[in-house]
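Please read this report with the sequence and the model side by side.

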Amino acid sequence: MAKKRPQSKAGKPQLKDGEIPVVGAREPCPCGSGRRYKACHGRAAAHAVTELVQRPFEGISGECDWIALRELVPAATVELTLKGGLPEGVPSVSLATVLPMAWPALRRDDGSVLLALQNDTSSGDLSRDLADTLHRALEADPGSPVTARRVPADGPRLQDVLDPDAPFEPVVHTGFEFWVPDASNATAEVSASLERANAAAIPTTRLSGVDAAYWCETPEKNHLRWVMPHPEEQLLDALARLHAAGTSSLGEGTRLVGSFRAHGLMVPVWDLPSAMGAEECEKPAAQFAERLVEALASDAPLTGEERRARGGLTNRQVTLS
C-alpha cells in the first residue's frame, strides 16, 4: 500500500507561487503541502528551465547569422550593442563562436567582454542562458573567465538586453587569434591551444551578396550552407518547385543535396566543386535568391514531380538542434 502524504497543518500559512523560495529537491516544499519540493513547486520550476524554445534567436537582429555562428562557423566574432549602452568600465561586448577552455564568457584585462556562442547550456532556452552569462561577464573582475551555471527560469533573455535596431555584422576569421590581444606574446600553453584550434578549423567565408550564406572548404568538395528565415513548409515547397524545374543548383557541377534544421529555421546545403571558391558563389547565389523569391510567392498546388522532389528534400533533412 502506498503511504498517504502528510497533510499540512491547518494553521500553517500558505505562500503564493511568486513567494516560493528554491530549496533542495528532496526537502519539504516551503508552501506547506507536505510534499518534497521537486514534486510540488519545484516541478514547475524545472519545467520552465528545461522546456525547449524552438527559435531562441527570434526577434533579435541577425537571427539567421546567430544560427550559422552557433552551428556552422568555426571562428567568428560580432560586436554586440546593449540596450542603454555599455556599463562603465566595459569598452566593448563581442560575441565569439568559441573561447579557450570552453569558457562561456571572458572579461578581459581591459574590461571588454567576449561571450561564447557554441557552449553547451543548462536549459532549453539558449537565449536565456546566453543573457545570464553576459550579465555575469559584465560584473566579473577584469581578467576573469565566467563559468557555467544553472540559469534562473525567470531571468532575462537576449531579446531583453540587446538593442533590436543595432546591426549584426559577423566577422569570420581564419583562426582563433582573436582569443588573445597579442598572440606573439602568448604563453606556450596558449600558443599550443591556438595551434590545435586553428588546425581543426574548416576554412569558411560569409557571402557578401546574400544574407547568412556561408561557403566552406573540405578536403573532398566545397559546400554552401545558407540559413533562411522562411517558414519551413513554405520553403520546402519553393525548393521543390525549383528542384523539379532543374533550377535549384548554383551552376555547373553544383547540387542542392539537402538541408539542416537548426533552432527553428532551415539551412539548405549545396555541394560545390573543389575549384569553386566563395567569390565564384556570389553571382550564382544572388541569382538563386531571385528565383527563390518567385517560387515562394507561388501558391499553386505542387505537381507530382514537385511532390517527389519535396519528398526527397525532406528525407535528406538533418536536425542539428
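Predicted model: local features only at pLDDT ≥ 70, side-chain atom pairs only at ≥ 80, totals over all residues.

Residues are numbered from 1 along each chain as its sequence is written, and side-chain values use heavy atoms, with hydrogens and water left out.

The protein chain holds eight helices and 12 strands, where helices (H or I, at least four residues) and strands (E, at least two) are DSSP runs numbered from the N terminus. Of its 321 residues, 44% count as buried, that is, under 20% relative accessible area with a 1.4 Å probe, protein chains only. The accessible surface of the chain comes to about 17300 Å², of which 51% belongs to carbon and sulfur atoms; these areas come from the Shrake-Rupley method with a 1.4 Å probe. Among contacts (heavy atoms within 4.5 Å) with a separation of 6 or more, residues 24 or more positions apart account for 60%.

Helix α2 (residues 63-71) is largely enclosed by the rest of the structure, because eight of its nine residues are buried. The buried residues of α2 include Trp66, Ile67 and Leu69, and also the charged-class residues Glu63, Asp65 and Arg70.

Helix α6 (residues 232-244) packs against two helices, α7 (residues 278-297) and α8 (residues 304-315). The axes are lines fitted to C-alpha atoms over the stretch in contact, and angles run from 0 to 180 degrees between N-to-C directions.

| Pair | Axes come within | Crossing angle |
|---|---|---|
| α6 and α7 | 9 Å | roughly 115° |
| α6 and α8 | 8 Å | roughly 120° |

The contact with α7 is made by α6 residues including Leu235, Leu239 and Leu242, and by α7 residues including Phe288, Leu292 and Leu296. The residues of this contact divide into eight nonpolar, one polar and two charged, with Ala, Val, Leu, Ile, Met, Phe, Trp, Tyr, Cys and Pro taken as nonpolar, Asp, Glu, Lys and Arg as charged, and the others, Gly among them, as polar.

By class, the contact of α6 with α8 has six nonpolar, two polar and six charged residues.

Key: Buried < 20%, exposed > 50% of the residue type's maximum accessible area, 1.4 Å probe, protein only.
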